[in-house]
Amino acid sequence: MSSSLISPSELDYIIRGVDDNLRADGRGRLDYREVILETGLIFQANGSARCRLSKGTDVLVGVKVEIGSIEIDGTDEEVAAVKAKRGRVVCNVECSPIASQQFAGRGADDINNELTQLVDRVLNGPQGGLNLEKLCIIPGEECWVVYIDALVLDYGGNILDLIFMTIRAALYNTRVPKTVIEEDKEVEISDDVEEWERIEGWELVPISITLNKIGTRHIVDATVLEELATKAKLSVMVNKNGKICGIQKIGGGSIEHGLLNEMMQTGRSIGQNLILNLDKMLQKEDEINAERAKNDKIGFFAAA
Amino acid sequence: MGKEAELSTNEKEFILASLREGIRLDNREKLDFRSLQILLGPDYGHSEVRLGDTKVLAKVSCEVTRPHLDRPSEGILILNTEISPMAFPGLDMGRPSEEEIIISRTLEKAIKRNHAIDLEGLCIIREKKVWTIRVDIHFLDNDGNILDAASIATISALAHFRRPEITITGEDTITIHSAEQLNPVPLVVHHIPICVTFAFFEISENKDLWVVDPNWQEEKICQGDMTIVINDHKEICVLSKAGGVPLSMETIIYCSKIATSKVEIIIDDIRKALEIANDKNSNKNNNNSNKMDKGKRVNRD
Amino acid sequence: MEFRSVRTVLPGDLVSVEASDIILGPGLMQNEESIICTKAGVLMKKENSWFIDSDQKRYIPATGENVVGRIIGKVGEVYRVDIGSAHQALLPFLAFENATKKNRPALNIGDLVYARISLANRDIDPEIQCTNLDNKADGFGELKKGFMLKCSLRYCRRLFSLKTQIMESLDKKLTQKGIEIEVAIGLNGRIWFCTEKVKHAIVFYNALKEAETMSDAELLEILFSLKTQIMESLDKKLTQKGIEIEVAIGLNGRIWFCTEKVKHAIVFYNALKEAETMSDAELLEMFKNLDRKF
Amino acid sequence: MADRRRIQGPEVSVAPIILKSPNKIQLLDENLCRRNGRNLEDIRSIYLKTGLISQANGSAFIELSKTKIVCGVYGPRQTKIPAFSGKGNLNCEIKFAPFSCPKRRPPYRDSQEKELSQLIYEALTPSIRLDLLPKSTIDIYITILENDGTASCLAAAITCASVAVADAGIEMLDLVPACSASYINGQIFMDSDLIEEKRESGSLVLSYMPSLKEITHILQSGEVELNLTSQAIEQCTDSCSKIYSIMIDSLLLPIQNMK
Amino acid sequence: MSRHEPIGPQGLRQDGRRADQLRNINCKPSVLSQSDGSSYIEQGYTKCLAAVYGPRETRQKAQILHNKALITVEISLAPFSMSERKKRKKFDKRLLEIASAVKQTFEPIIMTNLFPRSQIDIFLQILQYDGGMTQICINAATLALIDAGIPMLEYVCACSAGIVEDTTILDLNNSEESLGIPELTVALLPQSQKVTLLQLETRLHVDKLESVTAMAIKGAKEVYKKLDKTSRDYIGDLLQKSNPT
């Protein structure tokens, strides 16, 4: 693919720029692009959000909650007993061919699988933040299954970080209907649109900060070209409390021991700040949405 | 499709030139169908249709199964189109070809979506047992317009088919009777949808160039096609002109009228073939009626 | 001496040959002392040469054979040509009469050519050329317009061997009628032909197609199929004179005809009888002048 | 789409429910000693042998008590459709044997196996001199015969594959030993097995090139304080150095035998 | 499931539209960064993104057409686009059929003979679905092709119409589609007034074909006005920015 190549002069330009703390779009090494956030766009979904990095990556996430059965793993009694009381989260990431021509046909299969597994691992483990026990309806039998589908609509680098941000916003936006358990164990879903609750623990859902090692330094929020110049990528998942919820090196290349510690530190501090900003934006979104609900809501892309 | 199956420039231009003069390679007029032969039987639900050199075989079979959860009181109709390299040389065996999708989707729409066969009558015990009717459609030889031939084969096979008679013996048990014991029951056919395909070549202001029932050479060079599915009540069940040369609305309306008259003739042929086949079967049944065997007892949960 | 058929054979049949010095053609294989057939077909023999004439449809190139091919690509200095064999044939730009580096043939993808196989080897892609051994075009080259019939190889071979006999006489006859027909028979199962009027080509196409499965009486066959044209022109002339004649030519040696007036029928009867011993050219001449007799 | 070429097992398989009183498993005794007699920072003993597969260019087998993994390396061979790039391709495929886990694994590659393949690829590429092998491909096939903890399995697979690549005589910058750790109740359990893994709150897999002091891969899950992570990384790099000497021994053995 | 009357006593439909009223259309060309041309369109609650790449080198050698460009169309449906979450297979027959129809609709319109041996890809992503899949795909693709600057003979605009108790209705939504009433989709070339696509899936008497088609054509013309205005405004803006007077 010609799009995955970078010329030596471009490479040199980027490496030197990073060295001088000045990137092609004027940012410093640790500056994030502006994040534009919208919620509640897909009425078929229980929750949805769209995040954009200005003039670049665009991710849309739809969350659907459905009633499903609890899967019991019979091999380990102790573990099974815990799982019987929990709901489930199912994640899926899809890179649409709309975003980049390299995702056409079967081209996106590998990256879809890699991202899906990564997101699934983070959100399904104890670090996922969500209170899965609250999603259980009848222990051992029925629970809410939270389907999180992320769709990458435009590709301008740094997809993973944006996917996590969007998922967090979409989970905030998700309304789980109230349920009543009747005598014969039939689950009745409340008809009243106003009777809903938020998924507990959404604020502890981690976000990812991806650090790109270019030359001997590292940067955050890389563009497409910068990603091509990257030697090694480290994604650090951080939650609101500043805890590390996952670390993963992505792609080829290796990282020196000392640099690794430095990158983890930076990832954590940037992540915590970003979460604070995002939470502010989410609150603002609520106000905007309330305002919008009065008028007829028109298309998000058309309005943008 | 492999490059071998393509036509040379000479052939393309020749066929176009002859169509402009109103002649087709096989001496047909532009509105003529090729000779149609429908062979039904000897088994119930076995139909072989020949349209010129195009040959399609349809075979209906049935079994008792559980119904779909969302339709507990309806039988199930499965149309299975088998496209093999036998009739389509150079077929890519990996994923379904565009051609195959169009054929199977059009048949599904014509027969299933438009409820040509009564499915509610195929329910035996609600939520537990229904008849599943399966039509296997095999394409034996493709000399063009395989879709029309397939639609004739499918509906005539369904109209010819008879399922064994059953009696409900208990809450969850039924007895299936053999043909010797009780006469098998035909399916309830609500209407007979038939496909008529048009092929369009160059369309200019003064003269439209198009034919009915294109053969494979005509199919190869046409700039677009249109399939109209009409039934015996003069209802259009499916109309599919998926792109291709732009047409004026008058042409489309005219085509629908042509299709209506073609369908009438084809349905007459099917009825005749059914009569002949039924005559044969009734003779056979008279001979067998003396033998009385014990019915097979089926016991499934 | 012609090849003559010996018997029908199937793969695995043994052929007993007395002579020791023999030539084996396609479909025969020597296995130690015996000769085994590897194809189903008719065993043919001429002196010490043996081969099996089979009804194969896939062409296997052999040097010196004439083929009709379709251009499917240009690579460097050669055309790639589909001749119906397992591999595409190569047609160098210089393999045309008077072709030079600067004076190249102008063929496009999809065009048909009539060519001769210059190199056939199972390990190399076949090569073809549009000249005879003397570097002359000799009928080879691009085939303009016209139509092509794909048929079995055997049929092509039959037509090809009868070419001189039928095709040429046919040609003559039709030319006299003002119908020009050009025919190129490829031994790769493709027959190209071209007439001025599309209608005539379709008559010829259908006649050829029908004749494929028929016996050796194809000569009559083709005549028969061209009957329509002959009759058409007859019809025209006679109708102008107010004479109508209906004719049915049976392949079993019987001809039926009918006219309104007995007198005319008798004239026709005698004319036909006379014509029986005539050459084809004379025959047509006679038909042409038939109106005068009336 | 199901694979029609082989006889299918049932679509859904369920492990039998073992009727046993749910006694709580004690992971640590009062002396901070683990169930199998190890200390917290001890790794299991390793058996590592090269050259088991005669047809492969390089191969290795690793065993950490219950965990058993075989790896075969084929190549470098010519890349079928070479895309333009100055480097060679590395193709990793990992497969759990159908009988390797408590639940039967389907015979085709599932999404977890695809991801693990990707992780092993990422861990190994920094060590292999792919820049010397343009237009070539190296195939690494790893089969897990028995799985006793997925994180430790991944680490063992990386170790095993790296030895197999070295055995194939492919130029490398360094060997890549890998090690895993589990976070349980705020303590770090090195090289945990399946029972410990099920009770963990997080895990870490680290692969490390000891001579270059570079980390080729890191994968951590679970909610952990930053300094605990740093501690775990230290412990893992230490263990990697131990594994490194075992890897060297296994590679030297056949050469010494030759003499 | 309760079936409401599709047309209420005042002649208004369930969503408050008149029989011959289109749903609101919002559209915008050039919304994506990586593609050569893109567009976003929503018709009521059906929302669709389109991206066009090309003309570019043909990816598979076997598919090269020596005298014209190859057109490919791929439609994907977001997992959350329908009321029931369903992960659709990439090769869903219905989507493939629509993709094939979209492809054939544009084949005679795009001047493919100008780009031999190359390829033009059209990708369509449905974000939310509320009826009218074929029509929105065609409309979105038209806008994206215009944005990509691919030479076309004409615009294509599509619209659907149905018939319910002898009343023809325009632009069906999902709940109307699920009633099983005849629905007809038309793709129109507004300049030459010709039809490139016409699809009907449910029984309709031959005599009624004309009136339903006429309704759909009327709708398609309105769609055309909207699309035409949007792209004219957009291009006008662009030109004004680059040539300040």
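The model shown is predicted.

**View 1. An annotated domain in chain A.** UniProt, in an unreviewed entry, places the feature "domain: Exoribonuclease phosphorolytic" at residues 32-177 and 205-268 of chain A.

**View 2. The side of chain D that touches chain A.** Here 39 residues of chain D are in contact with 36 residues of chain A. On the chain D side, the elements that give two or more residues are helix H1 (111-124), strand E8 (202-209), strand E9 (214-224) and helix H4 (226-258). E9(D) gives the most, with 11 residues. By type, this side of chain D holds 15 nonpolar, 14 polar and 10 charged residues.

View 3. Strand E14 of chain A covers residues 244-250. Four bridges join E14 of chain A to E9(D). The two strands run antiparallel. Which residue of E9(D) stands opposite A:Ile247? The residue is D:Gln220.

**View 4. The domains of chain C.** Chain C is divided into four parts: domain 1 (4-53), domain 2 (66-144), domain 3 (149-224) and domain 4 (226-293). Look at domain 1 and domain 2 of chain C. Their centres, taken over C-alpha atoms, are separated by 33 Å.

Conventions
Residues are numbered from 1 along each chain as its sequence is written. Chains are lettered from A and ligands numbered from 1 in the order in which they are written. This is a predicted model: local features need pLDDT of at least 70, side-chain atom pairs count only at pLDDT 80 or more; totals for chains, interfaces and linings use all residues. UniProt positions are given in the numbering used here, feature names are shortened, and annotations may be inferred rather than shown by experiment. Domain bounds come from an automatic or database domain assignment. Two residues are in contact if their C-beta atoms, placed from the backbone, lie within 7 Å. Ala, Val, Leu, Ile, Met, Phe, Trp, Tyr, Cys and Pro count as nonpolar, Asp, Glu, Lys and Arg as charged, and the others, Gly among them, as polar. Two strands pair if DSSP finds at least two bridges between them.
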